[in-house]
Amino acid sequence: MCGIVGYIGNRNAYDVLIQGLKRLEYRGYDSAGIALEGFDGQLRVYKAKGKVSDLEKAVEGKDVTGTLGIAHTRWATHGVPNNVNAHPHLSQSGSIAIVHNGTIENYGVLKEALIREGYTFKSETDTEVLVQLIEYVKVKNKCGLFDAVREALHQIEGAYAIAVIERDDPDTIVVARKSSPLVIGVGENETMLASDATPIVGLMDKVVYLKDDEMAVIRRDKPLQVLSLETNHPSDFDIQTLKMSVAELEKGGYETFMLKEIFEQPDRLRDCVRGRILDDGAQVVLSGVRDNRKRFLEANRVVIVACGTSWHAALIGKHIIQDMCKLPVEVEYASEFRYSGPIITDKDIVIAISQSGETADTLAAIQLAKNKGAFVYGICNVVGASIPRNTDSGTYIHVGPEIGVASTKAFTGQVTVLTLLALCAGQIRGTVDEEKVRMVGQALMQMPETVKEVLKLDGQIQQLARTFTYAHNFLYLGRGYNYPTALEGALKLKEISYIHAEGYPAAEMKHGPIALIDSEMPTVVIAPTDSLYDKIVNNVQQVKSRGGAVIAIVNKGNASMQDMADYCLEIPEVPECLTPIVASVPLQLLAYYIAKYKGRNVDQPRNLAKSVTVE
């Protein structure tokens, strides 16, 4: 949510910043802006409501020279999306410009105090309050920009990642972060900063991930300085090599990122399991689990915290971990976890799941769990993100950058890693036999080919999707492992097509949703031939008897369902615990094509952000 880019070096800053903003479009935004500092000692600020392309149109014919600048894509929190509320924001004198991700919780009190000091405000944003406060401190204390930023940050409450420049110093950018990500790219005589590494790829291959409560001073042709916000002492920092290619950030011939990410799942799942399944499937090795053997042996309970799609993966993980490890598992929305008075002990394992590794609510849940002595295990996709840096141990899902806002390959990767974790921990605890490990392990190794088979349904699903663009509501039903799959399928549809959809445990249909079923409300039923198949057949019959259309996800060769459902999508048979991976793929395609035929922007659906980095 929101995106920051900054640059200082020898290139034209405008070109670098615009490319960076385009790389960050996947995060979700409603306006964009840029501030450039030229050698004439002037700050030039250009802003536009809408897309980065609208910003480009707004600056046509304007002066965009300069080798230092900051830029921003805004997702509105305080104030409606418009040119005035867009970032960057200027201080009252026009001498300081800022871009900011996050939320300043006490901005109202600070704003009133600044008004009493004679400051006026043009926007409705909390960010303008911060830049005015920085100027106020700088003038009052007669100090430099760094000291003014540091003092101002001591007075605010909330989350932030900021970049600040000053009209009188065309050679410096001051940055800071707290509970919002910021990455610094280090090149030869040039430096970048961004909300994540994607704008840096292809320009620099060395990065520094700024930690919470750290500031950095980026000066032209001088070494990077990182300091503690609290003590003002230098902080140790690691310069890491960025292992990401430009090709991963491009569509690769596909119409959209989402379609590309659906179709690259076979390769990404292969990356996910590579080196983690040994002895022809009989042994699963996750270093994050093996290196903490004692914790998994002595655990009394597992609590999984997550949001959105990751929460659906967590529900599947609950089934698998309980089955393989014989441990009680609870799944909590990270956004509710802190406020529910959770009873957490040092015998608990708390698993935090997040694609981006920057989800604000999940990070807060991690801190609470650690404070209570729990062992915290992170499952994340983005290397170097905040969650892997703040957990005791963890596993990357290794599915590559996910640019589409609606998660696809990250979901299947998360379920895969949760399965690996359950198998590995179950082996350590002696609660799963070798035959079961081998069966599931071999199926996971074969999963790339299995998913390739499912993707052959693409043409059939395209035709099917045309039939259902009329629908205003959908019902998704599943049982056991596939109740969460139903939730995920419904979420995909409503995220990108804006059709209202609900996922339900199939047996609960009789407790309310059945009242909604008629010829205008299609029902998607996930019905693999598993231990609960006979029960879900009854649900299908109940829908059909009320005139509802049924789309069924079934195993190949299931003739009985062909006679009941209106449409059947056949998937290969796999061990029951792995059906969510296989069954979710046709649901992704169904949502995609319905949205496409309705003319939706599937990569950037309205009002949504890829990473929710504010509460």
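The structure is a predicted model, in which local features need pLDDT of at least 70 and side-chain atom pairs count only at pLDDT 80 or more, while totals for chains, interfaces and linings use all residues. Residues are numbered from 1 along each chain as its sequence is written, and side-chain values use heavy atoms, with hydrogens and water left out.

The annotations are taken up at the outset. In an unreviewed entry, UniProt lists C2 and K610 under "active site"; UniProt positions are given in the numbering used here, feature names are shortened, and annotations may be inferred rather than shown by experiment. C2 lies in the segment before strand 1 (3–8), where helices (H or I, at least four residues) and strands (E, at least two) are DSSP runs numbered from the N terminus. With a relative accessibility of 7%, C2 counts as buried, a class that means under 20% relative accessible area, as against exposed at over 50% and partly exposed in between (1.4 Å probe, protein chains only). When residues up to four places away in sequence are not counted, C2 touches R27, G28, H72, T73, R74, W75, N101 and S195, contact meaning heavy atoms within 4.5 Å.

The UniProt annotation "domain: SIS", also from an unreviewed entry, covers residues 292–431 and 464–605. For residues 464–605 the corresponding values are 38% helix and 19% strand, with the end C-alpha atoms 22 Å apart.

L421 is found in helix 14 (residues 409–429) and is buried, its relative accessible area being 2%. Although L421 and L286 are 135 residues apart in sequence, their C-alpha atoms are 6.9 Å apart in space, and L286 is among the residues that L421 touches beyond four places in sequence, together with V289, F296, I321, I351, Y377 and I379. T523, placed in strand 24 (residues 523–526), counts as buried at 0% relative accessibility. Setting aside residues up to four places away in sequence, T523 touches L475, L477, I517, V543, A549, V550 and I551.

Helix 5 (residues 145–154) is mostly covered, with 7 of its 10 residues buried, namely L145, F146, A148, V149, R150, A152 and L153. The elements that cover these buried residues include helix 4 (126–141), strand 6, strand 7 (158–166), strand 8 (169–178), strand 12 (214–219) and strand 13 (225–228). Helix 4 packs against helix 5 at an angle of about 120°, with the axes 8 Å apart; axes are lines fitted to C-alpha atoms, for helices over the stretch in contact, and angles run from 0 to 180 degrees between N-to-C directions. The two helices, helix 4 and helix 5, are therefore oblique to each other, since angles under 35 degrees count as roughly parallel, over 145 as roughly antiparallel, 65 to 115 as roughly perpendicular and the rest as oblique. In the contact between them, L130, L133, I134, V137, K138 and N141 of helix 4 meet L145, A148, V149, E151, A152 and L153 of helix 5. The loop between helix 4 and helix 5 holds K142, whose phi is near 50°, a positive value in a residue other than glycine. At 77% relative accessibility, K142 counts as exposed.

Further local features occur in other loops. S95 lies in the loop between strand 5 (89–90) and strand 6 (96–104) and, at 11% relative accessibility, counts as buried. The side chains of S95 and E135 are joined by a polar contact of 3.4 Å (a pair of N or O atoms within 3.5 Å; within protein, one must be able to donate a hydrogen and the other to accept it, and residues adjacent in sequence count only if both atoms are side-chain atoms). Apart from neighbours within four places in sequence, S95 is in contact with L43, E135, I165, E166 and R167. The peptide bond from H87 to P88 is cis, with omega near 0°, and P88 is placed in the loop between strand 4 (68–74) and strand 5. Y498, found in the loop between helix 17 (483–497) and strand 23 (500–505), has a phi near 70°, a positive value in a residue other than glycine, and is partly exposed, with a relative accessible area of 24%.
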